[in-house]
Amino acid sequence: MRRVLLLLALWGVVLPLSAHELQTAVLRLEELQPGLLQVTLKTPLARDGGAAAVVPQFPAGCAPVGEVRAERSAEWVLRQWRLQCEASLAGQRLRIEGLDPRMPEALVTLRLVDGHRLTAAVDRQDPVAVLAPQPQAGPPPGLLAYLPIGIEHILLGPDHLLFVLGLMLVVLVSDRGWRTLVAAVTAFTLAHSLTLALAVLGVGGLPSKPVELLIALSIVLLAAELARFRHSHASGTPAPSIVFRKPWLVAFVFGLLHGFGFAGALAEVGLPEAARGWALLLFNLGVELGQLLFVATVLLVWALLRRAGALRLPAQGMAITVTLLGGVAMYWTLDRLLLWSASLGVGV
């Protein structure tokens, strides 16, 4: 009976996590000549292959010209058409219909014929964008959207959070102290910030599907090491591996991998050419803020459990935690392996 309950709990975690992904629609408008625009709408697909019916509502005086060209891949739907407007869209209001909980936000960019680029972000609570130029010394106002996008990506990206959780458990169960925890989290932050910047700036990168597979495997490794540590500690013959001896090193190595994963998410949203540095900085800052919030929450829960004496019975609690961690990661590993194989035309 206990095993049945454990499996039910495992699937209760796996199913919502596997379906809960950050989805951001991207609407790009390029002014070819005064009044004539090229419109590109990129809508990511959910894992079930469905796409939200995102529809931009343009101001009065704008009408489509010609046919809409549609292209579909395994990850997104791309629609392109031309739009004739009586006046420039700069400074006008644009509404995005169809945003829902699966796709809660959209990013809108307008490139004017004189080369200026305007950026705005909308969400399903406030789906109206105002493409108004507001020059200032700091980042353009629309770029501030990259901050919450970064926060949402880490908080709604369960694979990254589970890796951080596994990393924290490695330090906490081995009583390595707060310095080791700070070193491990800092190493993870530095590593994924480095590869995120390199990939976004075009210095280097890796394909998204094998990266996602390796990220899932990194969590499997942490779960396996936690299980191994628990069994060896219970038998009185602990034999710490490099994961426990140098968690900061493991965090840095796998953090490089996670950075490519962040870069893939940012690539889906797109970066404005005129302010790539600002957008990258704000997105990364959002990721770090979300990560710090998660770390603080885990530490608070750990402290409360310790004070309540719940951690005096570590055997069952740790066994369930490690089983859930490893089970979810294995599910992701197999799922992502199948998706990658399908994209390559290889059966598994």
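Which residue does a disulfide join to Cys62? Before I come to that, a word on what we are looking at: this is a predicted model, in which local features need pLDDT of at least 70 and side-chain atom pairs count only at pLDDT 80 or more, while totals for chains, interfaces and linings use all residues. Residues are numbered from 1 along each chain as its sequence is written, and side-chain values use heavy atoms, with hydrogens and water left out.

Now the answer: the partner is Cys85, with an S to S distance of 2.1 Å, where a disulfide is taken as a pair of cysteine sulfur atoms within 2.5 Å. The pair links distant parts of the chain, since Cys62 lies in strand S4 (residues 62-72) and Cys85 in strand S5 (residues 76-85), 23 residues apart. A search of the whole structure finds one disulfide. The torsion about the S-S bond of Cys62 and Cys85 is about 115°, so the disulfide is right-handed. Cys85 has 4% relative accessibility and therefore counts as buried, the classes being buried under 20% relative accessible area, exposed over 50% and partly exposed in between, with a 1.4 Å probe and protein chains only.

Let me step back to the chain. It has nine helices and nine strands, which are DSSP runs numbered from the N terminus, helices being H or I with at least four residues and strands E with at least two. Of the 348 residues in the chain, 45% are buried. Taking contacts between residues at least 6 apart in sequence, 73% join residues at least 24 apart, a contact meaning heavy atoms within 4.5 Å.

In helix H2 (residues 146-155), the buried residues are Tyr146, Ile149, Gly150, His153 and Ile154. Seen down the axis of H2, these residues fall within an arc of 125°, so they line one face of the helix; the arc is that of the directions from the helix axis to the C-beta atoms.

Finally, the surface. Leu190, Leu194, Leu198, Leu201, Val203, Phe252 and Val253 form a nonpolar patch there, with about 620 Å² of accessible area together. For such a patch, residues have over 30% relative accessible area and no salt bridge, and nonpolar side chains (Val, Leu, Ile, Met, Phe, Trp, Tyr) are joined within 5 Å; a salt bridge is a side-chain nitrogen of Lys or Arg within 4 Å of a carboxyl oxygen of Asp or Glu. Helix H4 (178-200) and helix H7 (247-269) each supply at least two of the patch residues, and the largest share, three residues, comes from H4. Leu194, placed in helix H4, is partly exposed, at a relative accessible area of 41%.

Methods: Patches are made of residues with over 30% relative accessible area and no salt bridge: like charges are joined within 9 Å, nonpolar side chains (Val, Leu, Ile, Met, Phe, Trp, Tyr) within 5 Å. Accessible areas come from the Shrake-Rupley method with a 1.4 Å probe; for residues, only the protein chains shown count as cover.
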